[in-house]
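Dear colleague,

Please find below the structure that I am handing over to you. My notes on it follow directly after.

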There are 2 protein chains.
Amino acid sequence: MAANIPDPTRILSIQSHVVSGYVGNRSATFPLQLLGWDVDVTNTVQFSNHTGYGRWGGLRFDSSHLSDIFSSLDKNGLLRYSRMLTGYMPSASVVEVVLGLVKKLRSRQTGGEQDEEGGLVYLLDPVMGDMGRGMYVSPDVLPMYQAMLEYATIITPNQFEAQALTGMQITDLDSLKHVLLKLHKKHKVPHVIITSVELPDADLERIGAQRNMADGRPAMLQVGSSCEIEVRGGERQEPTLEVDELRIWSIQFPEVQGYFSGVGDMFAALTLGRFHPETKIAADDLTPIAKASELAIASLQGILSNTCRVIDELERNLGGEEKEKDEVEVRVDRMRRRELRVVQSKKEIESPTIVYRAKWITA
Amino acid sequence: MAANIPDPTRILSIQSHVVSGYVGNRSATFPLQLLGWDVDVTNTVQFSNHTGYGRWGGLRFDSSHLSDIFSSLDKNGLLRYSRMLTGYMPSASVVEVVLGLVKKLRSRQTGGEQDEEGGLVYLLDPVMGDMGRGMYVSPDVLPMYQAMLEYATIITPNQFEAQALTGMQITDLDSLKHVLLKLHKKHKVPHVIITSVELPDADLERIGAQRNMADGRPAMLQVGSSCEIEVRGGERQEPTLEVDELRIWSIQFPEVQGYFSGVGDMFAALTLGRFHPETKIAADDLTPIAKASELAIASLQGILSNTCRVIDELERNLGGEEKEKDEVEVRVDRMRRRELRVVQSKKEIESPTIVYRAKWITA
């Protein structure tokens, strides 16, 4: 059997595929390729379009199909990934197969001194739900994701998912710190980004954050923290981190109004693609993961701005057309207009302008 | 139901998908996206890797899955394609479903005066076999492709496929002309490119072509021709073209030694992406399809050159490693090395240098 030596330019992305539109692998692949990554693409579903349209056709692939794919890649020496990315997975059994794959990659003998974990950087986006809609995967997915955490390098839950993974609520800065601590300590995750959190006014003030941006638009707050995790005999050791030692960074950026699909998927992809753990940090002393997130957010803001410009044009030209249509059609039309303008945003992906900067929370 | 109004930037590509490597949709999508096309991607299979490796895992999707996808796209007003591309299809029943889709797109009422055929440019690459290996699809695919020809705008058969479609042999310039004539006349195809043909020395000389390039490398000969096809009441009419009236262009370019997968798929994609039928032709008086092929060949030569450079490096470092391996492993290793360097060739795709030019055959 061919050896699966990690290739520094090769990512495996395991997500859903839609024929039309940009979610899952369709949202992740082109940006990563533009950044020069050789992306191997495993699709967990093939749907006509994302489910936000309200109607769609296609197939969810079962775990035996994915097992077959991974074992064939293995036989052909194609499990050469230095990076791996997972997003939405359609069932607990699929998560289980992916967990088996990650364990295999982590156990590779790379011969490198620096990395005892098979030379793999794995970004796990634990797609399960959000604050608005609650849980939208089967409940048995949650324990599988919890079991997977100690094999991940980076995780990017939203507030709802961070709460579900830890079984804890985030109601203020203090509870936020304890959620981050639990993800590092109990679950042994080196890098955590909570993609957006809600904090009470008093806490926002303490950390120098605002409800709204300077221009009046509502502000989103993203936070992250890192923790060195020792690996002994292939097993991650629980770190001795205490809550006071936790260093948290945050980024505030404008919330783009309305619902867009594929934004979280693209954020995760860009963060992984922009993460360079070996980078020497500049004067601002931020971590490589915070710098990756800054770039990912900058690209996304550019893509969303291109997308909104087109939506505005399309909606200006709508006229009275909408009134003649029933609710289902109006929803479908809106979804179609709101697809991310991905191929039109090459420049924003390749060389984004960083407007919103990460900074350390000192409170 | 939402209207399927053609969008000038939107392509539907129906081909195979491999997790690792660059054939089918994996070879077509990134280049088309780089050129600014919004590519909707329908996968006909999901395999771990291309079949040239000798072993692979995965699934062929059946025609009912594809029907489901297309009818859902239709319901959601997503059949907005101004371009369509098909490559390898796994069975006659899949070709049949795709034929149904093309007929539906051709019957759209676009309101445009210029195009009576639903505003669709459809490139059909009739992937069936080649001169070396013969037929590699089920024989019942052939009549389905023949039935599809009169719905295609451009076809890109190799010599073997052109012969199979017409039931005629290409042995010299004269028989080549009759094959092209039959494709235009009986099968009513507006644009034909035969991606490579073998001609006897005497005919090469008559058309000013060579066996070898100036630098000694063996030369490939590609030929193409176009014919205006009148459409009445939605049906293409048989043109009155005679063999003497046929104008054929040719391009000669160096054959890259050895076997590469996905080259034909990428040629078809780039030709479709570069085809601008509305373009005014410059002083050289060549057709838009010949100009598209020039650009496609230029990009491909660049990609192949990047690929060969990496292969050379990898093979220099092989040392005695190969000797210890069995035949299966040696083949797999070779296939892996020979995957096209697609993401590394952004420049060659976006702004290729045209070295090999099309010219009219005057003999």
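B:Arg338 lies over the face of B:Phe260, 4.4 Å from the ring centre. Likewise, B:Arg247 places its charged end over the ring of B:Trp360, at 3.9 Å from the centre. A charge sits over a ring if NZ of Lys or CZ of Arg is within 6 Å of the ring centre and within 35 degrees of the ring normal.

Please note that this is a predicted model, in which local features need pLDDT of at least 70 and side-chain atom pairs count only at pLDDT 80 or more, while totals for chains, interfaces and linings use all residues. Residues are numbered from 1 along each chain as its sequence is written, chains are lettered from A and ligands numbered from 1 in the order in which they are written, and side-chain values use heavy atoms, with hydrogens and water left out.

The model has an ipTM of 0.95 and a pTM of 0.96. For chain A the average pLDDT (the predictor's confidence in each residue, from 0 to 100) is 93, and 95% of the residues score at least 70.

Over all chains there are four aromatic pairs (rings of Phe, Tyr and Trp, the last by its six-membered ring, with centres within 6.5 Å; stacked under 30 degrees between planes, edge-to-face over 60, tilted for the rest). One of them is formed by A:Phe30 and B:Phe30, whose ring centres are 5.9 Å apart with the planes at 50 degrees, so this pair is tilted. The pair crosses between chains, linking helix 1 (residues 25–34) of chain A to helix 1 (residues 25–34) of chain B. Both A:Phe30 and B:Phe30 are buried (under 20% relative accessible area, with exposed over 50% and partly exposed in between; 1.4 Å probe, protein chains only).

A:Phe61 and B:Phe61 form a stacked pair, at 5.3 Å centre to centre and 5 degrees between the planes. Each lies in the loop between strand 3 (58–60) and helix 2 of its own chain, so the pair joins two chains. A:Phe61 and B:Phe61 are buried as well. Helices (H or I, at least four residues) and strands (E, at least two) are DSSP runs, numbered from the N terminus.

In chain B, helix 10 (residues 327–337) has several buried residues, including B:Val330, B:Val332 and B:Met335. Their cover includes helix 2 (63–75) of chain A and helix 9 (288–316) of chain B, where contact means heavy atoms within 4.5 Å.

With kind regards
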